[in-house]
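The following exercises are to be worked with the sequence and the model in view. Each task is followed by a solution in steps.

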Amino acid sequence: MTDAVSEEGRYRLLVDAISDYAIYMLDPDGIVTNWNAGAQRFKGYAAEEIVGQHFSRFHTPEDQRAGVPERALATAQREGKFEREGWRVRKDGERFWAHVIIDPVWGRDGELVGFAQITRDLTERQAAAEILRQSEEQFRLLVQSVTDYAIYRLDPQGNVASWNAGAERIKGYSPAEIIGSHFSRFYTEEDRAAGEPARALGIAREQGRFSAEGWRVRKDGSRFRASVVIDSILDEKGQLQGFAKITRDVTEREETQHKLDIAREALFQSQKMEAIGQLTGGVAHDFNNLLMAILSSLSLLEKQLPDNASARRLIGNARQGAERGAALTQRMLAFARRQHLNPEPVDVPQLVRGMRDLLQRTLGPSHPIRLQFPLSLPHVLADANQLEMALLNLAVNARDAMPEGGPISIAADEGSVEDGEVDGLGGGRYVKLAVIDTGSGMDAATLARATEPFFTTKGVGKGTGLGLSMIHGLADQMKGALVLRSVVGEGTTAELWLPVTEVRETAEAETGQAAPAAIPPQRQLRIMTVDDDALVLMNTAALLEDLGHIVTEAGSAHEAMARLDEGVTIDLLITDQAMPEMTGAELIEEARQRIPGLGVILATGYGEIPATMPRDIVKLGKPFGQPQLAAAIREIDAR
């Protein structure tokens, strides 16, 4: 029976046997010229109903009005292919989502014969197309013109019997090279060893169809991800004539999905860290207010105590504990990127050498410090105090990674990076300050979580888990980056990348200066203090009254405005920034409309101050004590 089937007839059998793809011919004007059972199954029209009709009737009314059918044919003729996904309409009006490819069909004389359209129903996410019946020459042109799918025929034993242009493009073999070869050569070596080619043909022979996705091999040995459909080809008597095989290269789709998964994971991590940062910043703000109340109360209480050494020692211990809590809130605010920074030109080698003795006393004699700096290094733009705290944290981490002792190296050099070269850094010049240990190191999983807040590998009571997260937030706020490199058993290198500045200052930041023993007397002022935290408000008022000022209290910005509207006279306004309904910045603007030139102190634990804030505003960081409050008032009063 096989010998009785002509080559043209075999093409007809090939096309007619494919039941999961609808492939039909259009004339150059878009008129349907033939129709097969697959198209009838997809669209719902019988051949006598649709042949001779324009293919635009398969489009939605809105697509018809927009001229989508005409543009599709024009694109296919102009560019050699039209491919799109969209809604299509069946005879009964039901819509289905379809993947459509239209290829122009050219005659041997170079004239446009028409168009070959392949439609796949994606509504059920399975291969769904059927080739239309057409004349023997049209079927040959149709199969040979499709370049986005490898469409070829196998004999009953699995040998390649025909080969189209799409198969040559995807697989890399010409017809002369592949016809007569067994199709198993397209499979990977491991799939051939597992018997996958024979299993695929067996399923197609018994069930009429086989579909799967898997790895296939091109002529050059490269692998690609393929969506494969194999349909059995039966003659009129139901005898197996071979198999129709359609393969589509979906490697790009797989790679796109992989990239999407990576991007989705990165977005999830970013959102998680942002949420933790918001939570941490909010907790730190509230904790600052509590510490403010404790420290100011201790300060006032100490003044009222008799000369009792034991009582003063207890108050000193309480103050020390509160100050340690204040340092912890600064770490939390640093992670949340809300602490106030004072960026200035910093000479990194000079800063490190200046705190070398402090570092060595902190680390102990079993961890000698080695400094490695070039002869010349540009200044960086950073907050010197925060940078010192970050360096101290990194050095302590290095010490803890070497419990048996060992040297800790602190090095710095200059480097230039391009955009995206170092994660989180823009292009430009940077100084890289590195703390290097030869300790236990971290594995990839630990390294990935190292900058998460409250994550620590130290024992209970030996770490807060905020050190690296604080440094990470600090570096980001200074427009730099923290880069960690670690190898288990070899050690860890923590790099702080800081932006270079051309501005240099000879004056050094004052550090370690003791507070004055006594606060100089001040001119009595009428001061309004505003804070939504009742404890902070009460203690700020008490500190001011102790300094001899006349104080008006307001628990919100609206209450403050109401008191001003009532005629309360003030010389100075002290206000919190983060308050409900109206912020401190908004209150300042409203108050100065009523009292031009009013002196203002903005008391806040956050570093995020509106860019439009007037330059004459004095900022007072929370928690503050009476000496800091008095100094801020003197600065305002001296103007």
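**Exercise 1.** How many residues lie between strand 2 and strand 3 in their hairpin, and which residue in the turn has a positive phi?

*Solution.* The model is a predicted one. Begin with the pairing: strand 2 (residues 82–89) and strand 3 (residues 95–106) run antiparallel and are joined over eight bridges. Next, locate the end of strand 2, where Val 89 stands opposite Arg 95 of strand 3. Finally, examine the turn: five residues separate the two strands, and Gly 93 has a positive phi of about 90°.

**Exercise 2.** Determine how helix 19 and helix 20 are oriented to each other, and describe their contact.

*Solution.* The axes of helix 19 (residues 557–565) and helix 20 (residues 584–594) come within 10 Å and cross at roughly 5°. Angles under 35 degrees count as roughly parallel, and the two helices are therefore roughly parallel to each other. Helix 19 makes the contact through Ala 557, Ala 560, Met 561, Leu 564 and Asp 565, and helix 20 through Leu 587, Glu 590, Ala 591 and Arg 594. By class, these residues comprise six nonpolar, no polar and three charged.

**Exercise 3.** Which strand gives the most to the lining of the largest cavity?

*Solution.* The structure contains two cavities of 30 Å³ or more, and the largest holds about 50 Å³ of space. Strand 16 (526–530), helix 18 (534–546) and strand 18 (572–576) each supply at least two lining residues. Strand 18 gives the most, with three residues. The residues lining this cavity include Ile 574, Thr 575 and Asp 576. In total, the lining has five nonpolar, three polar and three charged residues.

Conventions. Residues numbered from 1 in each chain as written. Predicted model: local features only at pLDDT ≥ 70, side-chain atom pairs only at ≥ 80, totals over all residues. Heavy atoms only, no water. Pairing = 2+ DSSP bridges. Helix = DSSP H or I, 4+ residues; strand = E, 2+ residues; numbered from the N terminus. 1 Å grid on protein atoms, 1.4 Å probe; cavity = no way out; pocket = protein on both sides within 12 Å on 5 of 7 lines; lining within 4 Å. Points joined across faces, edges and corners; volume = space filled by probe spheres on them. Nonpolar A, V, L, I, M, F, W, Y, C, P; charged D, E, K, R; others polar. Axes fitted to C-alpha atoms, helices over the stretch in contact; angles between N-to-C directions. Parallel < 35°, antiparallel > 145°, perpendicular 65-115°, else oblique. Contact = heavy atoms within 4.5 Å.
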